[in-house]
Amino acid sequence: KLHKIAAIPADGVGTEVVEATKQVLSALQERHPTFELEWHDFDWGTAYYEQHGRMMPEEGLDELRTMDAILFGAVGWPTVPDHITLWGLRLAVCQGLDQWANVRPVTFHPGVPSPIVDAHERELDWVVVRENSEGEYSGFGGRNFAGREGAGEVAVQSAVFTEAGCERIMRFAFDLARTRDRRKVSCVTKSNAQQYGMVLWDDVFARVAADYPDVETEKVLVDAMAAKFVLRPEDLSVVVASNLHADILSDLGSAMAGSLGLASSANLNPERRSPSMFEPVHGSAPDIAGQGVANPVGTFLSAALMLDHLGHPDEAGRLREAVDKALAADVRTRDIGGGATTRDVVEAVTAAL
Ligand code: NAI
Ligand code: MG
């Protein structure tokens, strides 16, 4: 089956890990010719911005709408403020293509040291489901509001929660829980302090939960959830959280699993009215960009999520197995305690395929 895939490597290590992933996918495709990927490369990002004054062309979203999926690297570079690059490209695509569900698995890999010393004996494995279209990142607000005297400039940044937005992400989380060994959804909230949006969030959670009597539930404040990630992660299966809360918790989860460089994610439009986007959780890592040492595993595993989404779960499974084989054989980049280059990891995973 032929799939049209947009590649948007964008900035910094994004270009390195996307290139590495294309190589590994082409090796996978050679060995298992059950699918074919037709790549369409887009040079959008900070360099494009410096030349054209925008992060992507005006008709960019329309071009993406003709694709079956998008593989994204990372956006952001010290020469341009981060809010311009993030809103101009990554958020523009997520929100423009209504990729309202962001799925971020927290997966522990053989041979990768975790700051949780006995993580590997405890069989930890959970998924953060992030509301990806509204909440704290709805872009609602402004600067230069009149404040009380002596306050100086006042900026307002409002979180927007809609009943429909809450409901669809909750249902998504419950449906996902039903596909897992442990049928449980943990709802992350801050409804003690944020008495409007987060209370609506909780109300919708309770209402949706009633439709899934076979799924265990719990409601946890975000600060307590941060502690729970570290202290009782075996209690977790699906964790549903708002845009900001899930953003923070998923970085914590990936650090617990060994490195930000391992973490994968899918920005899904579950109705499949527009293409979904797959990307590593990490950013452009300017501190190591251009050295050939970026960990490509987070992007490989994002590509596995893409193969799942495109209807090739067996091939996705093969890719995951090959990644674990390479990691277990000590082919690890610097961020996870090894000395391997990006190239070495590509070669080891390709060999394991
Ligand atoms: P970052 O994720 O780029 O880096 C944080 C730390 O993790 C750095 O020490 C980096 O070297 C390391 N790291 C990240 N990815 C790695 C990989 N694949 N292999 C090995 N080590 C890796 O986050 P930071 O430094 O806060 O942001 C840098 C830029 O990236 C900023 O411009 C930021 O706005 C942008 N960013 C973009 C994201 C996206 O496109 N989705 C997400 C997060 C940040
Ligand atoms: Mg983040």
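Helix H5 (residues 163–178) and helix H6 (residues 197–209) pack at an angle of about 45 degrees with their axes 9 Å apart, in a predicted model whose local features need pLDDT of at least 70, whose side-chain atom pairs count only at pLDDT 80 or more, and whose totals for chains, interfaces and linings use all residues. Residues are numbered from 1 along each chain as its sequence is written, while chains are lettered from A and ligands numbered from 1 in the order in which they are written. Helices (H or I, at least four residues) and strands (E, at least two) are DSSP runs numbered from the N terminus, and axes are lines fitted to C-alpha atoms, for helices over the stretch in contact, with angles running from 0 to 180 degrees between N-to-C directions.

**H5 and H6**

- The two helices H5 and H6 are therefore oblique to each other, given that angles under 35 degrees count as roughly parallel, over 145 as roughly antiparallel, 65 to 115 as roughly perpendicular and the rest as oblique.
- The crossing of H5 and H6 is right-handed, a term that applies if the near helix is turned clockwise from the far one by less than a right angle, anticlockwise being left-handed.
- H5 contributes Glu 163, Cys 166, Glu 167, Met 170, Arg 171 and Phe 174 to the contact, and H6 contributes Leu 200, Trp 201, Val 204, Phe 205 and Val 208, where contact requires C-beta atoms, placed from the backbone, to lie within 7 Å.
- Of the residues in this contact of H5 with H6, eight are nonpolar, none polar and three charged (Ala, Val, Leu, Ile, Met, Phe, Trp, Tyr, Cys and Pro count as nonpolar, Asp, Glu, Lys and Arg as charged, and the others, Gly among them, as polar).

**H7 and H8**

- Helix H7 (residues 222–231) packs against helix H8 (residues 243–256) at about 10 degrees, with the axes 10 Å apart, which makes H7 roughly parallel to H8.
- Val 222, Met 225, Ala 226 and Phe 229 of H7 meet His 245, Leu 249, Leu 252, Gly 253 and Met 256 of H8, a contact with seven nonpolar, two polar and no charged residues.

**H1 and H11**

- The axes of helix H1 (residues 13–31) and helix H11 (residues 342–352) come within 10 Å and cross at roughly 15 degrees, so H1 and H11 are roughly parallel to each other.
- Glu 16, Ala 20, Gln 23, Val 24 and Ala 27 in H1 meet Thr 342, Val 346, Val 349 and Thr 350 in H11, and these residues divide into five nonpolar, three polar and one charged.

**Ligand 1**

- Ligand 1 is surrounded by 23 residues, the closest being Gly 76, Gly 261, His 282, Gly 283 and Asn 295, with a residue counted as near if its C-beta atom, placed from the backbone, lies within 6 Å.
- H1 and helix H4 (82–96) each supply at least two residues of this shell, and H4 gives its largest share, three residues.

Note on methods:
Two residues are in contact if their C-beta atoms, placed from the backbone, lie within 7 Å.
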